[in-house]
Amino acid sequence: MSLPPAVGDGAPEIELRCSDIPQRLDAPAWSSPFIDIGTDGNVLMRLGQHTRFLIRGGREVIVDEGAAAHMPDVETFLVGAVSGVLLHQRNDLALHASCVAIDDRAVAFVGPSGRGKSTLAAFLAARGFALLTDDVCRIVFQRQHVCVVPGSCRLRLWPDAARALDHAPETLPTGRSGHPKRVLVLPVGSVDPVPLAAVIRLAIDTRLKTPSLSRLSGPASVMPVEDLLYRARLGRRLGRRIPLFQGLTRLAGLVPVFSLTRTGDMADLPGLVGLVASVMTGG
Amino acid sequence: MAGVQFGWLVSYPKSGNTWMRMMLSSLMSGGGSVDINAIDSRIGIATFAEMDEFLGVESCELTREEIAIARPALHAAIAADHDEPLILRKVHDRYWRTPSGGAAFVPDISRGAVYLVRDPRDIAVSYSHHRGSEIDRMIGQMADDDVALASATLRGKEQLPQPLGSWNGHVLSWLDQTEIPTLAMRYEDMLSAPTACLAKVAMHLGIDTAEAHLHAAVVATGFDILSIQENASGFRERQTSAMAAFFRQGRSGGWREQLSAAQADRIVDRHGAVMARFGYL
Amino acid sequence: MNSTLRFELDTPVRWHPEHIAGEVNGLVVVLGMSQGKHVGFDAMATHVWHRLEWTQTVSELCDGLAKDFDGDLVVIRQDVIDLLTQLQELKLVEIGVGDLSA
């Protein structure tokens with residue numbers, strides 16, 4: 001199984017094992033068809049028939065015995081949703097972002113599902129940028145910089161996006177069995193945290209003929225917070241509302257935030273390279 | 001907040017949904033002006049992002065069936081998290097049930113639905129302008145029991161898949177169910193008597209109104225005003241291959257100039273019973 | 001918009017105790033813990049917010065702002081009342097706390 005570099009700071013800090021897990025938690029504090037949050041902050045995730053995870057204390061991930069036969073599914077969720085929960089439990093700040101880097105500077109593409117974060121990151125990764133992470137983007141404040149900690153280099157792509165990136169979808173592995181999305185695994189772009197040069201919020205406006213980029217400023221640059229944070233509500237239910245707010249406002253004070261509005265047509269991808277580069281050099 | 005309920009604003013596409021939402025949005029702000037481009041975020045369609053946030057799942061990793069099964073839970077979670085008593089939502093789905101039999105639009109948390117009906121011949125013409133597609137193809141799509149919005153390979157951009165089905169099946173699915181009180185309203189009546197129609201909708205959804213606000217809301221969202229806004233700022237809902245202004249097809253009966261006799265007959269053959277029920281024949 | 005005077009000018013006002021505030025590019029953004037809402041302020045509201053660090057009466061607040069902006073006290077009072085009314089609804093300020101030394 002190809003796991004990303006440890007979510008922690010180097011030394012293995014996450015224990016991963018297989019064991020029997022119950023279907024649900026007793027008397028959870030909050031519950032949905034897919035997730036139970038215990039009063040102790042433990043999280044049980046249910047994804048598909050076979051795949052269950054119990055995530056405890058930001059240190060322990062238990063995969064249900066029955067899931068062992070479906071490793072691609074397990075891997076897909078481990079590097080995505082499970083790592084997001086771990087980061088919340090560890091009091092880390094995670095953006096809902098895919099992130100690439102060039103010349104030791106990172107740019108994070110944030111936005112809700114469906115805005116094209118993974119597609120854009122994959123496109124840039126094929127054009128000289130290094131991929132740092134897909135979907136879950138951990139942020140640390142260290143050595144006078146806001147930095148991105150490298151995460152998963154497995155990009156989840158819809159078939160049409162894969163084609164737009166010159167990959168025949170059927171040549172790529174599927175992530176989750178029975179699901180059309182494909183996995184593009186790229187080399188790890190960095191082992192060490194990379195300073196974050198810009199946050200780019202993605203939007204789609206089908207009226208546009210060409211993509212448009214603008215600088216955002218003030219509180220509006222980070223609102224609504226759900227558009228930037230990874231699973232803000234989940235974090236809130238794990239008692240993290242304040243540190244997430246403080247982390248986000250701190251980040252926005254140090255790193256420029258932009259809005260990049262795309263046309264919704266993947267033919268606009270080539271034009272984006274120049275726009276992103278201008279953001280990186282503009283600083 | 002407890003006791004939150006949905007007001008579903010339902011229609012087959014191109015049947016006046018946007019206009020109705022704008023009127024209601026204006027009404028609820030006392031008859032003020034409405035930003036054309038903000039309406040979808042104020043009264044919108046269910047999205048993957050909402051499923052991510054409210055159900056705590058990577059919804060774009062779910063199969064179409066799993067998404068469908070989770071729709072009732074999504075609606076319940078949205079209601080539980082809302083801080084006002086009424087949530088207005090745009091719906092293009094036909095009335096459907098999950099594989100386990102539960103209604104997707106949960107009756108217990110639904111105050112009511114408003115179902116907008118429009119002459120399908122005008123829809124065929126209007127829709128094809130909206131998407132720049134052939135009228136014949138649209139007539140075929142309106143007759144197709146299996147069609148769904150935003151569900152081609154699940155790549156619906158941001159919206160969750162919405163089962164649509166044929167036009168007449170769509171109408172009947174909402175009007176024949178008895179779980180959610182549904183007010184049927186003809187788009188053509190909205191055109192000829194907008195204030196009275198808006199008043200009926202407000203009463204059905206339990207929205208407190210003043211006479212003056214009703215009038216103001218109608219004026220603020222009249223086609224003249226909206227056309228001016230659209231020309232000035234564009235209108236985000238228009239898709240890239242549109243050939244005409246979104247509101248150009250606002251009138252009724254325009255199909256007589258645009259459809260051939262054969263095309264009109266095809267529509268009547270397929271949907272005639274429901275058309276007669278609403279006085280279109 | 002003119003709102004009727006919902007509180008007297010000599011009523012004390014202060015930050016709501018359950019809030020967290022931050023700044024982005026010099027503008028304040030507040031997380032009100034009571035309703036869980038994030039609210040971003042423009043430059044004027046930011047200025048007013050900073051002044052509210054110290055519990056004071058509405059009248060004292062307005063006097064201070066009139067000096068800061070060299071402005072018309074009547075206009076400032078109306079603007080401040082409008083703003084405070086909104087902030088009170090969002091539970092970001094408490095009006096009428098009763099004890100100026102709090």
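**View 1. Residues between helices α9 and α10 of chain B.** In this predicted model, B:Pro194, B:Thr195, B:Leu198 and B:Ala199 of α9(B) meet B:Leu214, B:His215, B:Ala217 and B:Val218 of α10(B), where contact means heavy atoms within 4.5 Å.

**View 2. Packing of α9(B) and α10(B).** Helix α9 of chain B covers residues 194-204 and helix α10 of chain B residues 211-220; their axes lie 9 Å apart at an angle of about 120°. Axes are lines fitted to C-alpha atoms, for helices over the stretch in contact, with angles from 0 to 180 degrees between N-to-C directions. The two helices are therefore oblique to each other (under 35 degrees is roughly parallel, over 145 roughly antiparallel, 65 to 115 roughly perpendicular, the rest oblique).

**View 3. Elements of chain C.** Chain C has three helices and six strands, in the order β-β-β-β-α-β-α-α-β from the N terminus. Helices (H or I, at least four residues) and strands (E, at least two) are DSSP runs, numbered from the N terminus. Of the 102 residues in chain C, 44% are buried, that is, under 20% relative accessible area (1.4 Å probe, protein chains only).

**Notes.** Residues are numbered from 1 along each chain as its sequence is written, and chains are lettered from A in the order in which they are written. Local features need pLDDT of at least 70, and side-chain values use heavy atoms, leaving out hydrogens and water.

Notes. This is a predicted model: local features need pLDDT of at least 70, side-chain atom pairs count only at pLDDT 80 or more; totals for chains, interfaces and linings use all residues. Buried means under 20% relative accessible area, exposed over 50%, partly exposed in between (1.4 Å probe, protein chains only).
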